[in-house]
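Please examine the sequence and the three-dimensional structure shown below. The paragraphs that follow lead through the model step by step.

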Amino acid sequence: MKSYTITVNGTAYEVTVEETGSVSAPATPAAAPKAAPKAAPKAAAPAAGAGAVKVTASVPGKVVKIVASAGQAVKAGDSVVILESMKMEIPVVAPQDGTIASIDVAEGASVENGDTLATMN
């Protein structure tokens, strides 16, 4: 089971999803290792040397708005980036109080679940 935090209109919801693994089991493991190494360097490269706390995408989607800027002080729950996924706008919020060290994406960029969008101190 995997747990996710989903924020809708500023309200956070905890969601737990059970993975069954029964659909096309042989094809899924072969595809996943090929995709993972390609995505990891892209996510890690912009964050190198930036803040200690990563602000990551919780869903795959497109960056529609960058709300915060580098050097800006934010509180836990403040919007940093807004993603569009499945025709919904999903705010990605600061996980804790701090200062934005870097914004690692641009408006219009496509992101995957887990990609680093920004870093904080």
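Strands (E, at least two residues) are DSSP runs, as are helices (H or I, at least four residues), and both are numbered from the N terminus. Two strands pair if DSSP finds at least two bridges between them. This is a predicted model, in which local features need pLDDT of at least 70 and side-chain atom pairs count only at pLDDT 80 or more, while totals for chains, interfaces and linings use all residues. Residues are numbered from 1 along each chain as its sequence is written, and side-chain values use heavy atoms, with hydrogens and water left out.

The confidence of the prediction deserves attention at the outset. The pLDDT, which is the predictor's confidence in each residue from 0 to 100, averages 79 over the chain, and 75% of the residues score at least 70. Over residues 28–49, however, the pLDDT is below 50. Beyond near neighbours in sequence, this stretch has eight contacts (heavy atoms within 4.5 Å) in the model.

We now turn to the sheet. Strands of a sheet pair through backbone hydrogen bonds, either parallel or antiparallel. Here, four strands form an open sheet in the order E7-E6-E4-E9, with antiparallel pairing. Strand E7 (88–93) and E9 are the edge strands, each of which pairs on one side only.

Strand E4 (residues 61–66) is joined by four bridges to strand E6 (residues 79–85), and the two run antiparallel. Within this pair, Lys-62 stands opposite Glu-84, and Lys-65 stands opposite Ile-82. E4 also pairs with strand E9 (residues 110–111), in the antiparallel sense, over two bridges. There, Gly-61 of E4 faces Val-111 in E9.

Which residues lie in the loop between E6 and E7? Among them are Met-86 and Lys-87. Phi of Met-86 is near 55°, a positive value in a residue other than glycine; Lys-87, also not a glycine, has a positive phi of about 65°. Residues are classed by relative accessible area: buried means under 20%, exposed over 50%, and partly exposed in between (1.4 Å probe, protein chains only). Met-86 has a relative accessible area of 77% and is therefore exposed. Lys-87 counts as exposed because its relative accessibility is 81%.

A further loop, between strand E5 (73–74) and E6, contains Ala-76. With a relative accessible area of 45%, Ala-76 is partly exposed. Ala-76 and Pro-95 are 19 residues apart in sequence, and their C-alpha atoms are 5.2 Å apart in space. Not counting residues up to four places away in sequence, Ala-76 touches Ala-94, Pro-95, Gln-96 and Asp-97.
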